[in-house]
Number of protein chains: 2
Amino acid sequence: MEGLAKIEDLGKPRVVIVGGGFGGLELAKALRHAPVQVVLIDKQNYHCFQPLLYQVATAGLEADTVVSPFRKILDEQPNFFFRLAEVQRIDAGRQVVETSIGLVRYDYLVVATGATTNYFGDQQMERNAIAMKSVEDAIELRNTVLSNFEKALQLGDEEQLNSLLDFVIVGGGPTGVELAGALSELRRHVFPRDYRELDFKQMDIHLIQSGDLLLKGMSAEASAAALKYLEDFGVQVHLNKRVKSYDGYTVTLSTGETLITRTLIWAAGVAGAPLPGLPPECLRKGGRYAVDEYNRVQGFPNIFAIGDIAAIVSPENPEGHPMLAQPAMQQGRLLAQNLENLLAGRPLQPFRYDDKGTMATIGRNHAVADIKLGGKDWRTQGLLAWLMWMFVHLMSLISFRNRLVVLMNWTWSYFTFDKGRRYIIGRTREPVPVEATTEKAIV
Amino acid sequence: MEGLAKIEDLGKPRVVIVGGGFGGLELAKALRHAPVQVVLIDKQNYHCFQPLLYQVATAGLEADTVVSPFRKILDEQPNFFFRLAEVQRIDAGRQVVETSIGLVRYDYLVVATGATTNYFGDQQMERNAIAMKSVEDAIELRNTVLSNFEKALQLGDEEQLNSLLDFVIVGGGPTGVELAGALSELRRHVFPRDYRELDFKQMDIHLIQSGDLLLKGMSAEASAAALKYLEDFGVQVHLNKRVKSYDGYTVTLSTGETLITRTLIWAAGVAGAPLPGLPPECLRKGGRYAVDEYNRVQGFPNIFAIGDIAAIVSPENPEGHPMLAQPAMQQGRLLAQNLENLLAGRPLQPFRYDDKGTMATIGRNHAVADIKLGGKDWRTQGLLAWLMWMFVHLMSLISFRNRLVVLMNWTWSYFTFDKGRRYIIGRTREPVPVEATTEKAIV
């Protein structure tokens, strides 16, 4: 859309941030006292705390506890402006971004668009799989799981029944592992109470991982413990296998094996979500912008990229930093400082990643944690890791209200073995038509 | 769909309840120890507490606090079976209901399908107005209000701007009054913080009532107080006016006046939602089944109707009982007893409505209540009524968890003047296209 979008001009240098994920939001907040105007553009009006999306998908948390409206988070920051819009293109020559509400002029542009699901070009998979990147994805998965069981009640044919009861999760990273664990808890404690007419021994949860380790990037101890916990919970973990194809019903693995399911969750890859407009040489493999250690896109002194969409390449990080919340937030905070440095004519500070470690939870009392503390590595698995995981995630939520409600939900679930958000509201994935097996007709 | 739906046969008389609103749910619960099989059919998998929907629509409560999944509510009742299905027709000859999952056989059928929005045949209104009967409606209204303001930021033209900022609510019953009050609170306390660039003096809230009293059916004191409170809150109340037409932009009133809005909320009428299949003489004006004082549909000894869909006509209630939660719940409870009486060959008990009174809330510290206690009428308006309203609604919620979360939200909102659920997730009503006014193009 041509024509300038209507945004008050504060008469100060304008920093336009595209995307309010962990990096973009942190940057916007850190610019609170900077002599700039901050314009955040996002296609949602809320920040989403992605690490807990899998709990929304598995009826443990309501969507509203993992999202926070941007306007609310930043309502006391006078230099902050929000626009709900889709960014279509960067026009570096005119120093504008083209958006669905018109052109937005910038003095400094920060691309913080994050990552999107990567199907590696497999269009059939993209059509048939469910992704796990957005709140809407998570709600769709929850609705789909619940309607599967409602439909399963009408089926007599064994294979058809299993196609609705069985789940295949592709990708053994944190999302895949956490989802598999949460589904196994539902199978054990929740679904049998709700669906007494179904036999949940028939419900299989498959987790497919292309390599020989789960939670790649974590320690060998963490990988091994995650595998053991999942197997104890009855998840069928397939290592060293890839999915060759999925038509919405039959999953064919690289080994030739087939699995039957109407619900395949694709957590096997993400790629950067770059914006059109910058020359292709700015982008590296995986759709990430090549940036210098000040997060500056090469060749553009006033365009920056932070978080998943940016790769600061160095001998220690030949692919850039891991696509996680921590590097994104640290880059956001540093960039705020560097923008102030730039305006004040001071030298810029290079980015140094302070890796605090990683964690993943498998189920009640079971998590794995690789912590870096004072230059030392601490590794722990089981109850302690699980308590740490809960504490860290709780404290990372945006508002006190969300922390309180999540804590309440977790405490409740812990003592009742219940996950209460089991309603179907909103979009549901309609499976390839299921032929209902009905009993003999009566005339 | 022909062919029997698959539902285990308990070898006991089967009571099929269509609809899990206040009446149907109460009946299902009250049949807990009866020697029958209870089959509840609903097109949603949850019970919805409609009296608080307006708070979902106005960002005060999250949807999950006003719904409870049927399977969860009744998971400890062995004679209870739930089916997620749409009922298409009653076939009284074969004693089955035709549903989207096949035929469901019944020994006793209870129609508890409630009421639906009544547009009195105005199709243009039906297309352009937003209703307030379901959770999905409430979410759509919340999303639409918020996106209106996001869009308004781009508009310069006064009339276009007002079409997004102004709201017209048709119908001065509890829903209309409560919505108008809640919107006025958002206008005063919440929106100006979120949208500093908009001038909320320009936001008008119109409430249109065809008669000369708000809250028809309540006392004159209650009506007068509701009117005064709304006017104090800056709501423009139009009494003795009807809406003649609405094209999605211009509202034409019976007086010839016009109002401009892209958001008209229709709370002006409900009608019964009867099922096809019974002869037309079973139905009365307003789509309610004519039932005797045992809630039996005339001419069908084993078909009953309860709640909004049923009219027990008597000299005191020539139109049947009011379409409220209380009569529905009382009829559900009595019918459970009467079904047991029927099976035991005992005489049936006739329905006597125990009217406990009605209440409506207008805003913080302001509600009206007409209470009947020990045969006496107590009328109160203001703070005491508001506290009573909160207590009664809180206690009427289904689960302890919902009560706790709602109480927390209310307490929070009371002290912070905030309503936090301001995210756009799910369906949004797209208005008739708005032409954005953009500033001069730059080249």
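Residues are numbered from 1 along each chain as its sequence is written, with chains lettered from A in the order in which they are written. Because the model is predicted, local features need pLDDT of at least 70 and side-chain atom pairs count only at pLDDT 80 or more, while totals for chains, interfaces and linings use all residues; side-chain values use heavy atoms, leaving out hydrogens and water.

Over all chains, the count comes to 48 salt bridges, each defined as a side-chain nitrogen of Lys or Arg within 4 Å of a carboxyl oxygen of Asp or Glu. One of them pairs Asp75(A) with Arg193(B) at 3.8 Å, N to O. Asp75(A) sits in the loop between α3 (70-73) and β5 (80-84) of chain A and Arg193(B) in helix α7 (residues 174-194) of chain B, so this bridge joins two chains. Asp75(A) is buried at 15% relative accessibility, whereas Arg193(B) is partly exposed at 31%; buried means under 20% relative accessible area, exposed over 50%, and partly exposed in between (1.4 Å probe, protein chains only).

Within chain A, Glu140(A) and Arg429(A) form a salt bridge whose closest N and O atoms are 3.0 Å apart. This pair links distant parts of the chain, 289 residues apart, from helix α5 (residues 135-152) to the segment after α11 (400-416). Here Glu140(A) is buried, at 7%, and Arg429(A) is partly exposed, at 24%.

Turning to helix packing, α10 (residues 383-396) and α11 (residues 400-416) of chain B pack at an angle of about 155 degrees, with their axes 9 Å apart. The two are therefore roughly antiparallel, a label for angles over 145 degrees. Residues in contact (heavy atoms within 4.5 Å) include Trp386(B) and Trp389(B) of α10(B), and Trp410(B) and Tyr414(B) of α11(B).

What of the backbone? Most residues other than glycine have a negative phi. Phe120(A), however, has a positive phi near 50 degrees; Phe120(A) lies in the loop between β10 (115-117) and α4 (123-128) of chain A and is exposed, at 56%. Ala59(B) also has a positive phi, near 65 degrees, but Ala59(B) is buried, at 5%.

Finally, Phe391(A), Val392(A) and Met395(A) make a nonpolar surface patch of about 290 Å². Val392(A) belongs to helix α10 (residues 383-396) of chain A and is partly exposed, at 37%. Such patches join nonpolar side chains (Val, Leu, Ile, Met, Phe, Trp, Tyr) within 5 Å, or like charges within 9 Å, from residues with over 30% relative accessible area and no salt bridge.

Notes
Accessible areas come from the Shrake-Rupley method with a 1.4 Å probe; for residues, only the protein chains shown count as cover. Helices (H or I, at least four residues) and strands (E, at least two) are DSSP runs, numbered from the N terminus. Axes are lines fitted to C-alpha atoms, for helices over the stretch in contact, and angles run from 0 to 180 degrees between N-to-C directions. Angles under 35 degrees count as roughly parallel, over 145 as roughly antiparallel, 65 to 115 as roughly perpendicular and the rest as oblique.
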